[in-house]
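Visitor: I am new to this structure. Could you show it to me and take some questions?

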Amino acid sequence: MQHAPDPDSRAARPTSTAPDPDPRPPVPAPDLDLGQVRAFAAVARLRHFGRAAGELGITQQALSRRVARLESRLGVRLLDRGDGRGVRLTAAGERFLGPARQALEAGTAAVAAALAVPGPRVRLDTWGHLYAPLRTLADVLADAPGLCVETGTGRDHAAVARALRRGDVDAGLGRVPLDAVDPEGPPARAALSHRVVRLEPVDAVVSTAHPLAGAARLRPSDLGGSVLRCPAEPGRLDFLTRFADRFGVERRIGGPNLGPAPFLAAVRDDPECFTLLPADAVPDTVPAAPVRAPSLAVRPSPLPASVPLPAARPGAAPTARTDLSAPAAPAPAPAPGAGLRVIPLADPVPLYAWSLVWCGGPEGTPALRALLDAFRRTGRDRRWLEYRPERDWLPEGGLSSVF
């Protein structure tokens, strides 16, 4: 005898509403020809086929064919040509450019590793030259002798940012202003990344004729009645402006930046003014003061015409920063630099933040990652990133880029 099928048994069977899997295999991503990628990157940087061809040592026709083959391989147009406004990147070209540069860096690093030759050279521009950024870089390279770094100079953060956008340099080293803006504007451009690599205390530099020149140590607020001398127009100098605003220094003067020696000579010759510098950024010599007739307006200073430097500075050795709550140590033997004194600041200690800046994501290129790792190791060993809020001062908002 036949039985009717049990409807409950049918309901108990597993069912699925998901679509059937696509039987077709995924389409593989096209392999890149690094020669074609290099041709595109050169045109994207120079915005000119003829100049890019000359730089690569090939004909313009060969360069055009390489870019065209790359576009055909990817199935998208990367460059706009011939519209009377020169070569421009398309939206796809903008997206492709950053990873393309990373691919070229990775290819160079792979070849270097296979052949056991030095890795790629990092082109690095610095700014904030009065504060001597190459001192910091020299410490890093001393700890990592295998790094290859080619240094250049930039006018300021904005100028170095433009050089990064053009691909003229790989990284920058200096202080990033808290209100820094993207100099290129369009959000389609790859973002700039930066990492704080050193927090460096700064000291007051004054003439030996300054009323406070005899102090072993000063509070920043003690300088409120003095004149802050700046190596440029004060409004262009973010750190000095924020320091003056915070500690009540109302009088500020600037002038052309002619280098550290003329700048410090101006500080030496003005008994009312001061400036801020890391102690070991002060040059050993300053041009001699001009011969002048005696003046009744400025009394000769009884202090020795010398620059006593602090006995222990942060980062000079792998030891902790000097405890500024302790009594001041006796002044060390005088150093060259006639007519100036360098006086440590405390309660709080002003910190100047050095950053590495690059174009692209936080991971950077292979060569840049090696430089970032070297800064991290040296900073850890020399305690460059020590910060205690009860002891130190960073401009408001600066903490977000450090921690």
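Guide: First, a term: a residue is buried when its relative accessible area is under 20%. Also, this is a predicted model.

Visitor: Which residues of helix α6 are buried?
Guide: Helix α6 covers residues 133-143. Residues three or four places apart on an α-helix point the same way, because there are 3.6 residues a turn. The buried residues in α6 are Pro-133, Arg-135, Thr-136, Leu-137 and Val-140.

Visitor: What covers the buried residues of α6?
Guide: The cover includes both strands and a helix. Among the strands are β3 (122-126), β4 (149-153), β5 (171-174), β6 (192-201) and β12. The helix is α10 (366-382).

Visitor: What is the omega of the peptide bond from Asp-347 to Pro-348?
Guide: Most peptide bonds are trans. The one from Asp-347 to Pro-348 is cis. Pro-348 lies in the loop between β11 (340-343) and β12 (349-359). Omega for this bond is near 5°.

Visitor: Is Asp-347 buried or exposed?
Guide: Asp-347 sits in the loop between β11 and β12. Its phi is positive, near 60°. Exposed means over 50% relative accessible area. Asp-347 has 51% relative accessibility, so Asp-347 counts as exposed.

Visitor: What is the phi of Arg-47?
Guide: Most residues other than glycine have a negative phi. Arg-47 is not glycine, yet its phi is positive. Arg-47 is in the loop between α2 (34-46) and α3 (49-56). The phi of Arg-47 is near 55°.

Visitor: What is the relative accessible area of Arg-47?
Guide: Partly exposed lies between the buried and exposed cut-offs, under 20% and over 50%. Arg-47 is partly exposed because its relative accessible area is 28%.

Terms used. Residues numbered from 1 in each chain as written. Predicted model: local features only at pLDDT ≥ 70, side-chain atom pairs only at ≥ 80, totals over all residues. Heavy atoms only, no water. Helix = DSSP H or I, 4+ residues; strand = E, 2+ residues; numbered from the N terminus. Buried < 20%, exposed > 50% of the residue type's maximum accessible area, 1.4 Å probe, protein only. Contact = heavy atoms within 4.5 Å.
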